Amino acid sequence: MKIVIAPDSFKESLTAEDVAKAIKRGFEKAIPGIVCSLCPVGDGGEGTVDAIRHSLELEEKWQEVTGPFGLKEAMRYFHKDNRAADLVGLGKIPWEKRNPLHIQTRGIGELIRHLIDQGMKDIYIGVGGTASNDGGIGIAAGLGYRFYDKNGKELPACGQTLLEFGSVSDSELYRIPEDVKIRILADVVSPLCGHQGATYTFGKQKGLDPALFEIVDLAMQRFYEKLSPSTLFLKGAGAGGGIAAGLCAFAKACIVSGIDTCLDLIDFDKKVSDADLVIVGEGRLDSQSFAGKAPIGVAKRTPNRVPVIAICGSLADDLPPLPFENIQAAFSILEKSEPLENSLKNASLYLEHTATNIGHLLNMRNH
């Protein structure tokens, strides 16, 4: 029996690779001789690039760029031949330091320049898990744009600048060659502005005061009306607090489905062609999972003859009745009522136990 184990990461707990390994240990306890193919995935959010690195054996590199607080720090990326991948995750910023209007993303633009100078032609950027809400102005600054207030004073490239923006200079602009392709891996379809946009949808969870939503959203809109009006109509431009908008407007990037691109890069269709069962999973399976999240994306790409089982941290009340989207059964790994921090800490063990139980059920069916 061959099982393809293709989970996403469990946010704030385990990487996708760690989740896959725990599930494998559980199945191997229950079913002797089972073949488990580990296929960790991501949909553009946290852990996506690590999942791609695992499958493609990409080499890890570091480059010094401007960090989220304006100081120089090393930023990680992965590459092989002329392909590079990076996750713009600012999620490791402590809560007390999270001010999305002052966190800088200039370093992403600087890293893009470095990668192109190193000969990279295909660049993949995951924009999930960012702590910024700068509308992409940091990307523009990293590529050479300079911003000034109405009195001609140069402004730092962060979300706050959108509120004070008067003019722009592109005299130092870095020109991106025509043969370079930059793809943004995203799982959200939010536009940049409006009540479905970056600020209203994600601002609160990043620490932005809801009283500022309207003024920040309007400032973002005015900025793009002046510099790149078409970006305001782009589906997905609100990903990463507007980082996606900045990459599209100033780096000629295009937004692609995070999970489908990930599955293409790791050759998922080939890996699943001879599978007997596919396991998917994420920290919480809910109605939002149907909007481009990894478990549903994997299930949709799995042939109809191959059953799919979801193993998740928790299952929301708003899920439709099973089966749905080729997922035949769904299991929560929670074993008892306990504080969330304990569940996060024990997630690996609970995953293993759940996989072992499912394995015993499969054994019963085969006898």
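Q: How do β11 and β13 run, and how many bridges join them?
A: Keep in mind that this is a predicted model. Strand β11 (residues 277–280) and strand β13 (residues 308–312) are parallel, with three bridges joining them.

Q: Which residue is the bridge partner of Ile279 in β13?
A: Ile309 is the partner of Ile279 there.

Q: What's the strand order in the open sheet they belong to?
A: The order is β2-β1-β11-β13-β15, five strands with parallel pairing. β2 (35–38) and β15 (327–332) are the edge strands, each pairing on one side only. On average, neighbouring strands in this sheet are turned by 20° against each other, direction ignored.

Q: And which strands does helix α1 lie across?
A: Helix α1 (residues 16–30) lies across β1 (2–5), β2, β11 and β13. Relative to β2, α1 runs at about 175°.

Q: Switching to β9: which strands does β9 pair with?
A: One partner is strand β6 (residues 122–126), which pairs with β9 (residues 181–186) in the parallel sense over five bridges. In that pairing, Asp122 is opposite Lys181 of β9. Strand β10 (residues 254–257) also pairs with β9 in the parallel sense, over four bridges. There, Arg183 has Cys254 of β10 opposite.

Q: What about β3 and β4, parallel or antiparallel?
A: Antiparallel: eight bridges join strand β3 (residues 59–66) to strand β4 (residues 72–80). Val65 has Glu73 of β4 opposite.

Q: How many residues sit between the strands of that hairpin?
A: Five residues lie between β3 and β4, and in this hairpin Gly70 takes a positive phi near 90°.

Q: OK, helices. At what angle do α7 and α8 pack?
A: Helix α7 (residues 213–227) and helix α8 (residues 243–251) pack at about 15°, and their axes are 12 Å apart. α7 and α8 are therefore roughly parallel to each other. The crossing of α7 past α8 is left-handed.

Q: Which residues meet there?
A: From α7 you have Phe223, Tyr224 and Leu227, and from α8 Ala245, Gly246, Ala249 and Phe250. By class, the α7 contact with α8 has six nonpolar residues, one polar and no charged ones.

Q: How many aromatic pairs turn up in the whole structure?
A: A search of the whole structure finds ten. In one of them, the rings of Phe165 and Phe223 have centres 5.1 Å apart and planes at 70°, so the pair is edge-to-face.

Q: Where do Phe165 and Phe223 sit in the chain?
A: Phe165 is in the loop between α5 (159–164) and β8 (167–169), while Phe223 is in helix α7. The two are 58 residues apart, and the pair links distant parts of the chain.

Q: Last one: how far apart are the axes of α9 and α11?
A: The axes of helix α9 (residues 258–265) and helix α11 (residues 294–301) are 9 Å apart, and these helices pack at about 55°. That angle makes α9 oblique to α11. Their crossing is right-handed.

Q: And what residues make up that contact?
A: Ile259, Asp260, Leu263 and Asp264 in α9 meet Ala294, Gly297, Val298 and Arg301 in α11. By class, the α9 contact with α11 divides into four nonpolar, one polar and three charged residues.

Conventions: Residues are numbered from 1 along each chain as its sequence is written. This is a predicted model: local features need pLDDT of at least 70, side-chain atom pairs count only at pLDDT 80 or more; totals for chains, interfaces and linings use all residues. Side-chain values use heavy atoms; hydrogens and water are left out. Axes are lines fitted to C-alpha atoms, for helices over the stretch in contact, and angles run from 0 to 180 degrees between N-to-C directions. Angles under 35 degrees count as roughly parallel, over 145 as roughly antiparallel, 65 to 115 as roughly perpendicular and the rest as oblique. A crossing is left-handed if the near helix is turned anticlockwise from the far one by less than a right angle, and right-handed if clockwise. Contact means heavy atoms within 4.5 Å. Ala, Val, Leu, Ile, Met, Phe, Trp, Tyr, Cys and Pro count as nonpolar, Asp, Glu, Lys and Arg as charged, and the others, Gly among them, as polar. Two strands pair if DSSP finds at least two bridges between them. Rings of Phe, Tyr and Trp (its six-membered ring) pair if their centres lie within 6.5 Å; planes under 30 degrees apart count as stacked, over 60 as edge-to-face and the rest as tilted.
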